[in-house]
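The sequence and structure come first.

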Amino acid sequence: EMISAFKTPPTLHWSVVLPWQHFNAMEGEERSMMQSFAPQIRDFLPMASFAGCRRRAKWSGSGAEMAEEEPGGELLQGQRRFDLSGGPSTNLDIPANSTSYARLLQGCGDRKELGHGKIIHSHIIKREVESDISICNRLIVMYNKCESVMDARQIFDKMPGRDIFSWNAMISGYSNHGQGEEAVKVFQQMQREGFNPNKVTFISILRACGSTGMVACGKLVHGLVLNTGLEQDVAVANALLSMYGKCGSVEIARKVFYMMPVRDVISWNAMIAVYAWHGQVKEATELLLKMQQGGVEPNRITFVSILRAFTVPETVPLGKLVHAHIIDRGIDRDVMVANALVSMYGKCGNNGSIEAARKVFDMMPKRNVVSWSTMIARYAQQGRDNKAFELLQQMQLEGVLPDKVTFISILIACCNRAALAFGKLIHAHIINNRTVPDLVVENALLTMYGRCGSVLDACRLFNKMTRQNVVSWTAM
């Protein structure tokens with residue numbers, strides 16, 4: 001009955017215990033069928049730990065194998081129960097102590113398993129241990145890792161008491177998810193309640209200030225750093241120069257860099273990135289040379305950062321020199337570095353450069369969605385619509401799913417009546433593959449319809465949009 005139930009995974013209804021010795025005792029057809037359904041079992045048992053063992057079950061095409069335990073895996077001992085609706089039961093045999101919950105929540109966060117994290121959370125509520133500060137802190141971290149900052153904030157607001165870890169976790173959560181203004185509000189509340197920021201606090205809040213361009217707030221934080229003496233800490237200094245760079249204060253970033261008593265590779269990368277962001281090609285390349293002369297070995301982040309500086313035809317010779325350096329170091333096949341090379345050559349704007357970009361793209365042993373989107377974007381920006389369309393079709397034939405950047409890139413190429421039909425096909429593809437409308441993609445569609453002269457289609461789309469912003473209205 002158990003084996004036959006696996007034949008229809010979407011309507012799976014079972015409550016079964018499968019010790020390892022049962023699997024090992026299977027022979028012939030039974031064992032083959034269990035192996036064939038390994039992916040479905042894996043999906044339903046992401047944290048499985050079976051009777052008689054303290055290691056996690058890892059399923060592969062050749063059957064079940066034992067793998068090293070993951071955080072929290074050994075706590076679900078003996079069985080993994082499922083209720084009649086097919087969902088995991090909350091009746092888990094978990095020891096009611098902070099260490100056990102910490103390991104479970106860490107496992108859920110690291111694997112971004114929000115559903116399982118919420119099951120553990122409900123178990124915590126049931127055991128009435130939600131008032132434990134350390135458990136609440138772990139819940140905040142888990143929800144932040146699972147990109148559910150709202151749930152993290154609810155835990156934070158309900159805490160009867162907080163420590164520095166609580167404040168840092170909430171500030172970091174907002175900062176890491178692009179909500180810099182909220183991070184600043186929490187930081188200000190932290191100070192009002194008498195908590196002194198530490199190194200982790202400063203790094204997180206400086207990242208928030210940089211991402212939102214709040215240079216005035218960043219300068220106030222810099223003052224607090226000076227008062228605590230943490231400006232000598234290399235990680236804090238790196239965060240300061242990155243913040244100033246992102247806010248456009250290149251000169252202050254440079255002063256922070258040269259005042260650092262000790263610099264690591266991150267410091268050099270951050271300063272090179274600041275110069276590159278602001279088109280200071282000479283300064284970026286000179287700093288790369290100084291970095292090497294100082295005995296600091298550049299890494300792939302160094303090269304990705306400096307390649308962003310080469311954006312006009314006049315910078316192609318320097319870009320080629322950096323490319324040669326990358327080849328000498330044997331990292332030209334790294335997908336991140338290769339993507340940066342494709343982008344650099346494509347941005348430089350002449351036929352020779354776009355062909356160089358395509359050559360790098362074709363030589364990549366492995367391509368991801370960024371690789372395809374970058375190459376499509378470069379063709380589209382050069383007005384080579386046919387090449388962009390061909391590459392989109394090739395991308396899909398190779399089984400790579402386009403993302404919103406890909407769609408926006410290809411929609412840029414649809415800029416005349418001849419391309420209207422293809423633009424409509426792209427629109428249909430977006431509708432069929434995206435359950436939640438994306439405002440940026442919808443705005444790109446509006447622009448495409450306008451450029452192709454189809455005002456009626458643009459009006460229909462505009463009226464169906466769940467929300468509009470200034471870009472939407474400007475496009476219309």
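The sections below go from the whole chain to single residue pairs.

## Basis

This is a predicted model, in which local features need pLDDT of at least 70 and side-chain atom pairs count only at pLDDT 80 or more, while totals for chains, interfaces and linings use all residues. Residues are numbered from 1 along each chain as its sequence is written, and side-chain values use heavy atoms, with hydrogens and water left out.

## Overall chain

The chain contains 27 helices and 2 strands, taken as DSSP runs (helices H or I, at least four residues; strands E, at least two) and numbered from the N terminus. Of its 476 residues, 46% count as buried; buried means under 20% relative accessible area, exposed over 50%, and partly exposed in between (1.4 Å probe, protein chains only).

Among contacts (heavy atoms within 4.5 Å) with a separation of 6 or more, 60% join residues 24 or more positions apart.

## Nonpolar core

The largest nonpolar core has 118 residues, and Leu-241 and Ile-410 have the most contacts inside it. Such a core is a set of buried Ala, Val, Leu, Ile, Met, Phe, Trp, Tyr and Cys residues joined through side-chain atoms within 4.5 Å. Leaving aside residues up to four places away in sequence, Ile-410 touches Ile-376, Ala-388, Phe-389, Leu-392, Phe-422 and Ile-426.

## Helix α7 and cysteines

Helix α7 (residues 133-145) has 13 residues and reaches 18 Å from its first C-alpha to its last, close to the 18 Å expected at 1.5 Å a residue. The expected span is 1.5 Å times one less than the number of residues. Buried residues in α7 include Ile-135, Cys-136, Leu-139 and Tyr-143. Just after the helix, Glu-147 takes a positive phi of about 60 degrees.

The count of disulfides (cysteine sulfur atoms within 2.5 Å) is 0. The sulfur of Cys-108 has its closest cysteine sulfur in Cys-146, 7.0 Å away, too far for a bond. Cys-108 is buried at 0% relative accessible area, and Cys-146 is buried at 10%.

## Salt bridges

The whole structure has 16 salt bridges, each a side-chain nitrogen of Lys or Arg within 4 Å of a carboxyl oxygen of Asp or Glu. In one of them, Asp-151 pairs with Lys-118 at 3.5 Å between the closest N and O atoms. Asp-151 lies in helix α8 (residues 149-158) and Lys-118 in helix α6 (residues 114-126), so the pair ties together parts 33 residues apart in sequence.

Arg-254 and Glu-251 form another, at 2.7 Å between the closest N and O atoms; both residues lie in helix α14 (residues 250-259), about one turn apart. Lys-424, Asp-457 and Arg-460 are linked in a network of salt bridges.
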